Amino acid sequence: MAAVSLARAYQSSFDSHPHKTLAVAGGCLNALGDVVAQITQNIASAILQGLCSCNSFAYQTRKPHDERVAFDPVRTLRFFVFGASISPLLGRWNSFLECQFPLRARGIGHGKVSLKALSKRVAADQTIVAFIGSMGMLEGRNRKQIAQKYSDLFVPTLVTNWSVWPLLQIVNFRFMPLPYRVPFQSTCGVFWTLYLSLVNSREDRKQDRETAMRRTLG
């Protein structure tokens, strides 16, 4: 019952303010993904410390790398800003795909779905990759650091993206009504954001260590 009420409220808000609705929904779901990521990182670190504490030598060896870190609300805010910024654009993009590659012949509401059009939608959608550079700019990284992020993360992230999202987008484009496609992406994206947040954070720590080392040596 609550889900039905929420769906009605969302549809009403989308009908009157589509871009604002997508921005708030996308921002909140993106931020949720980072919250889950940070909690997961600390839980994994705590488990690892517990396992290593059984072996004093291993514990002393691993401890500096396994310390838990405080929750970073600024990092979560960056994910909210990114989700809120990109979601209205994704809404327009989905509208463009809907018009450019109709799944059914125009004027026929229940005709046979065109697999060719569906494939074109998914193929076009997978050409959009903006996460790494956007997050780098929001973090205040310089041009060299952003270029390093692309060098370290672009290929593995893109390969992972292509192994996950095409199937999800087939389901999305085939079965979800247009107003719900961005929220569907964002909901699935909680887990994707978990992955991106983890790899992005790992790269950030690497760059921060390199910066600190250069300052120490300099």
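Does Y10 count as buried or exposed, and at what relative accessibility — which is it? Y10 counts as buried, because its relative accessibility is 14%. Buried means under 20% relative accessible area, exposed means over 50%, and partly exposed is in between, with a 1.4 Å probe and protein chains only.

Before I go on, a word on the model. This is a predicted model, where local features need pLDDT of at least 70, side-chain atom pairs count only at pLDDT 80 or more, and totals for chains, interfaces and linings use all residues. Residues are numbered from 1 along each chain as its sequence is written, and side-chain values use heavy atoms, with hydrogens and water left out.

Confidence next. pLDDT is the predictor's confidence in each residue, from 0 to 100. The protein has a mean of 76. Of its residues, 72% reach 70 or more. Helix α4, residues 73–100, has the highest confidence, at 89. Helix α3, residues 56–66, has the lowest, at a mean of 47. Across residues 57–66 the pLDDT is below 50. That stretch has 10 contacts in the model beyond near neighbours in sequence. Contact means heavy atoms within 4.5 Å. Helices here are DSSP runs (H or I, at least four residues), as are strands (E, at least two), numbered from the N terminus.

Back to Y10, and the rings. The structure holds three aromatic pairs. Rings of Phe, Tyr and Trp (its six-membered ring) pair if their centres lie within 6.5 Å; planes under 30 degrees apart count as stacked, over 60 as edge-to-face, and the rest as tilted. Y10 and Y180 make a tilted pair, 5.3 Å centre to centre with 45° between the planes. This pair links distant parts of the chain. Y10 sits in helix α1, residues 2–16, and Y180 in the loop between α7 (143–175) and α8; they are 170 residues apart. Y180 is partly exposed, at a relative accessible area of 23%. Ring pairs join Y10, F14 and Y180 into a cluster.

Another pair is W93 with F96. These rings are stacked, at 5.6 Å centre to centre and 20° between the planes. Both residues lie in helix α4, three residues apart, about one turn of the helix. F96 counts as partly exposed, at 41% relative accessibility.

Now helix α5, residues 115–125. Which residues of α5 are buried? They are A117, L118, R121, V122, A124 and D125. They cover an arc of only 165° around the axis, so they lie on the same side of α5. That arc is taken from the directions from the helix axis to the C-beta atoms. The face turned away from the buried side carries the exposed residues L115 and K116.

On to the core. A nonpolar core is a set of buried Ala, Val, Leu, Ile, Met, Phe, Trp, Tyr and Cys residues joined through side-chain atoms within 4.5 Å. The largest one has nine residues: L97, F101, L103, V113, A117, L118, V122, A124 and F173. Helix α5 gives the most to this core, with four residues. V122 touches P166, Q169, I170 and F173, leaving aside residues up to four places away in sequence.

Last, two residues elsewhere. Q185 is in helix α8, residues 181–217. Q185 is buried, with a relative accessible area of 11%. Leaving aside residues up to four places away in sequence, Q185 touches L90, N94, W165, Q169 and N172. V36 is in helix α2, residues 18–52. V36 counts as partly exposed, at 30% relative accessibility. The C-alpha atoms of V36 and L194 are separated by 6.6 Å, though the two are 158 residues apart along the chain.
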